[in-house]
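Colleague: I'm new to this one. Could you show it to me and take a few questions?

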Amino acid sequence: MRVAQICTNAMLGSVGSIVRNICSGLKENGDEYLICYGRGKEPEGYNHYKIDNTFEVYYHAFLARIFDSDGLHSKNATKRLIKKLKDFKPDVVHIHCLHGYYINYPMLFEYFSKDNIKVVWTMHDCWAFTGHCCNFEYTNCNKWKQGCGKCKQIKSYPKSYIDNTICNFNKKKKTYEISGDCIIVTPSNWLGNLIKNSFLNKHEVVVIPNGIDTSVFKPTYDEEVLQKYKIKSDKRVILCVASIWNEKKGLEDIIELSTLLSDEFQLVVVGLTDKQIKSMPFNITSIPRTENVKELCVLYTSAYAFFNPTYEDNYPTVNLEAICCGTPVITYKTGGSPECLSNHKYGYDIEKKDYLKLIELIQKINLKKNVLDISSFSKSKMIENYIELYRGVKM
């Protein structure tokens with residue numbers, strides 16, 4: 001079996017990790033793969049093809065910024081990609097995020113239709129069925145159900161100076177209708193249900209949760225790491241982790257929490273910029289983003305509870321990482337964030353800004369180190385599900 005993966009960046013974030021993990025699984029099974037990525041560092045050790053050069057990405061981004069047209073440029077790069085795919089002769093093309101200034105999605109879907117390409121499309125956000133945004137939960141917008149326009153988030157990624165959301169919405173709807181041989185995958189039931197209520201509802205939807213390396217994310221102890229970050233042994237640590245902290249990730253809520261916790265707790269926030277660290281209250285232990293996974297596991301393990309106050313999310317892997325390190329999760333009822341909690345087996349979900357309930361749960365939470373069956377969170381289970389799906393699509 002031959003599978004081509006298409007993604008924005010093969011070395012960045014959870015999507016890049018998912019792409020590499022799937023390809024490693026394909027290789028172990030004796031199958032062939034090709035990673036086609038738009039920009040960023042090359043995935044060394046993997047069979048790969050870079051779609052755009054730096055100038056093309058910046059030019060695409062420039063035009064998209066002016067005309068609100070992400071996904072409608074990079075025509076020459078997309079022609080080269082299609083030629084590469086024809087040479088590779090994939091049984092299945094697995095596409096991930098198509099936003100990010102690197103591909104012309106109408107040209108790509110026209111190729112899928114003309115050559116009868118079987119497509120698996122994992123949606124890591126909502127961009128595919130909106131006129132602009134990647135997620136609309138923060139602004140509580142439902143225009144995507146009928147047709148976009150007068151977008152509240154036009155200056156959010158992918159940022160633009162004009163509103164072309166009506167045309168974008170109609171363009172996407174028309175484009176995707178030509179590719180009937182497409183199965184959509186979502187990491188969460190929440191996103192799957194949104195798709196069933198969108199113009200993509202004619203496509204089959206399969207839920208495959210994201211997975212992490214459970215041989216790495218596990219209870220890990222190291223006093224030197226705790227000393228390095230001034231984690232106090234006589235305190236009950238409330239840990240918060242994100243790759244980027246902003247209002248949509250709930251940073252202001254964490255600051256508010258710091259005013260409500262008693263001295264028996266230590267609030268630790270990982271992933272802050274230098275500028276954010278300088279502005280944090282004195283009673284928050286502020287830590288910059290770390291690529292050291294062992295240190296992160298030690299921090300997860302040391303925590304009494306993990307708090308994820310996200311306002312927009314699909315199926316956040318930080319929740320899985322905390323659970324697999326033996327630490328219960330408290331998260332807002334946002335998107336698919338609560339789905340990993342298994343009916344309070346691994347933590348609790350609360351309404352946004354419900355600080356009274358949050359403090360109550362923090363005071364009484366007793367799930368510490370209650371790690372039960374975490375096999376469903378493993379990357380091996382995710383890879384197995386995807387390969388099984390490929391084989392079914394290929395038939």
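This is a predicted model: local features need pLDDT of at least 70, side-chain atom pairs count only at pLDDT 80 or more; totals for chains, interfaces and linings use all residues.

Colleague: Is leucine 34 buried or exposed?

Modeller: Leucine 34 sits in strand β2, residues 32–37. Buried means under 20% relative accessible area, exposed over 50%, and partly exposed in between (1.4 Å probe, protein chains only). Leucine 34 has 2% relative accessibility, so it counts as buried.

Colleague: Which residues does leucine 34 touch, not counting those up to four places away in sequence?

Modeller: Contact here means heavy atoms within 4.5 Å. With residues up to four places away in sequence set aside, the list for leucine 34 runs Val3, Ala4, Gln5, Asn47, His48, Tyr49, Lys84 and Phe88.

Colleague: And threonine 317, buried or exposed?

Modeller: Threonine 317 belongs to helix α11, residues 317–324. Leaving aside neighbours within four places in sequence, threonine 317 is in contact with Ser14, Asn210 and Ile212. Its relative accessibility is 17%, so threonine 317 counts as buried.

Colleague: What about phenylalanine 55, buried or exposed?

Modeller: You'll find phenylalanine 55 in helix α2, residues 54–67. Its relative accessible area is 61%, so phenylalanine 55 is exposed.

Colleague: Which strands stand at the edges of the open sheet?

Modeller: Two strands pair if DSSP finds at least two bridges between them. The open sheet has 6 strands with parallel pairing, in the order β10-β9-β8-β11-β12-β13. Two of these have a single partner strand each, so one side of each is left without a neighbour in the sheet: β10 (284–288) and β13 (347–350).

Colleague: What is the bridge partner of phenylalanine 306 in β12?

Modeller: Strands β11 (residues 305–308) and β12 (residues 329–332) run parallel, joined by 3 bridges. For phenylalanine 306, the partner in β12 is valine 329.

Colleague: At about what angle does helix α10 run to β8?

Modeller: Axes are lines fitted to C-alpha atoms, for helices over the stretch in contact, and angles run from 0 to 180 degrees between N-to-C directions. Helix α10 (residues 293–302) lies across β8 (236–241), β9 (265–272), β10 and β11, and its angle to β8 is about 135°.

Note on methods. Residues are numbered from 1 along each chain as its sequence is written. Side-chain values use heavy atoms; hydrogens and water are left out. Helices (H or I, at least four residues) and strands (E, at least two) are DSSP runs, numbered from the N terminus.
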